[in-house]
Amino acid sequence: MTELDKLPRDEQIRLFFSRLPHGNALGVEVLEVDKGMLLMRVPFQDFMVGNPVTGFIHGGVITTLIDQTSGGAASFASDVAQQVATLDLRIDHLSAAESGHAVYARAECFKVTRYICFVRCSAFTVDEQRPVATSVSSFMKVGPLFRRRSKQG
Amino acid sequence: MKDIVAIIRQARADGDYARAMNLFPYARFLGIDFREEGGELLFRLAYNERNIGNPVMPALHGGAIGAFMEHAAIMHLLWNMESAMQPKVIDFSIDYLRPGLAEDTFAVCRVVRQGQRVANVSVETWQSNREKIVATARAHFLLTRQEDLVEQ
């Protein structure tokens with residue numbers, strides 16, 4: 001364990017996500033944290049439009065939010081936070097996300113094995129009971145997230 | 001901007017790939033462009049530090065790669081005029097085979113099956129070596145037929 005592993009889980013998660021350039025470029029924020037559960041939000045910005053006629057938010061914004069939220073839930077589902085790599089991610093786009101709304105994603109890592117984490121996630125705008133997208137994904141654990149500094153420097 | 005299909009048809013006639021891609025704010029944000037090369041539509045996600053998801057490695061964000069693949073598929077269908085309106089993504093399934101490094105990423109799409117209403121598209125991405133696939137995706141898109149537009 002490193003010193004960072006001893007921080008409360010929500011502080012570890014906020015620290016970890018504060019270092020992700022693409023998440024920061026989109027403005028992704030952490031809202032709720034529990035072991036293996038994560039709720040995140042991305043505020044709407046004009047550049048997120050994917051359909052210039054309807055103004056709907058690009059499916060790719062939802063893909064990124066779901067990937068990041070699901071990966072975070074997988075990373076922090078073990079007692080020592082794990083670095084994970086996405087193996088596969090499948091998303092059903094249930095309805096369009098209208099522009100002007102923040103998009104939320106709640107991910108739950110429902111199974112952790114020695115090497116693999118399984119996660120489900122749903123994304124919504126105004127009503128969690130009416131998701132715009134749902135997903136299932138699997139992640140491979142590739143080592144502790146917060147590594148000790150190597151002796152070589 | 002009502003008829004993006006007409007704009008894209010004109011862009012294709014003029015060989016103006018940038019005009020077609022610039023219709024989409026999120027594609028501009030990610031840094032996607034494309035051109036016809038060797039008889040196929042070749043898409044590129046230009047390297048940008050903003051698309052990094054793992055700053056230690058460093059590696060591109062899996063979501064940025066997914067968004068790139070999804071947009072490549074949409075533009076592939078639009079450019080080939082497979083739909084009278086912008087195709088709507090129904091589902092998207094990505095397999096990540098290796099990390100996307102901090103360099104340009106490329107994609108090609110293949111319409112595996114196009115029915116009356118639904119297209120099944122597969123997408124492959126790679127970086128410096130086309131043999132080393134970074135990710136593959138399979139997606140379904142809802143298409144709009146010309147007759148459907150008249151009915152509306």
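Lys and Arg are counted here as positive and Asp and Glu as negative, while His and the chain ends are left out. On that basis, in this predicted model, the 17 positive and 19 negative charges of chain B have mean positions that lie 2 Å apart.

The fold of chain B can be followed from its order of elements. Chain B contains five helices and eight strands, and from the N terminus on they run α-α-α-β-β-β-β-α-β-β-β-β-α. Among the contacts in chain B between residues at least 6 apart in sequence, 59% join residues at least 24 apart.

The overall dimensions of chain B come next. Along its principal axes, the C-alpha trace of chain B spans about 55 × 30 × 30 Å. Of the 152 residues in chain B, 51% are buried, and the chain exposes about 7000 Å², of which carbon and sulfur atoms supply 48%.

Two places in the backbone of chain B deserve a careful look. The peptide bond that leads from B:Met57 to B:Pro58 is cis, with omega near -15°, and B:Pro58 itself is placed in the loop between β3 (52-54) and β4 (59-60) of chain B. B:Met81 is found in the loop between α4 (62-79) and β5 (88-96) of chain B. Because buried means under 20% relative accessible area and exposed means over 50%, B:Met81, with a relative accessible area of 34%, counts as partly exposed.

Aromatic side chains provide a further way into the structure, which holds 10 aromatic pairs over all chains. One pair is formed by A:Tyr104 and A:Phe124, whose rings are stacked, with 5.3 Å from centre to centre and 10° between the planes. A:Tyr104 belongs to strand β4 (residues 103-112) of chain A and A:Phe124 to strand β5 (residues 116-124) of chain A, so the pair ties together parts that are 20 residues apart in sequence. A:Phe124 has 7% relative accessibility and therefore counts as buried. In chain B, the residues B:Tyr17, B:Phe34, B:Phe43 and B:Trp79 form one aromatic cluster.

Conventions. Residues numbered from 1 in each chain as written. Chains lettered and ligands numbered in written order. Predicted model: local features only at pLDDT ≥ 70, side-chain atom pairs only at ≥ 80, totals over all residues. Heavy atoms only, no water. Helix = DSSP H or I, 4+ residues; strand = E, 2+ residues; numbered from the N terminus. Buried < 20%, exposed > 50% of the residue type's maximum accessible area, 1.4 Å probe, protein only. Contact = heavy atoms within 4.5 Å. Areas by Shrake-Rupley, 256 points an atom, 1.4 Å probe, with all protein chains shown as cover. Charge placed at Lys NZ, Arg CZ, Asp CG, Glu CD. Phe/Tyr/Trp six-rings, centres within 6.5 Å; stacked < 30°, edge-to-face > 60°.
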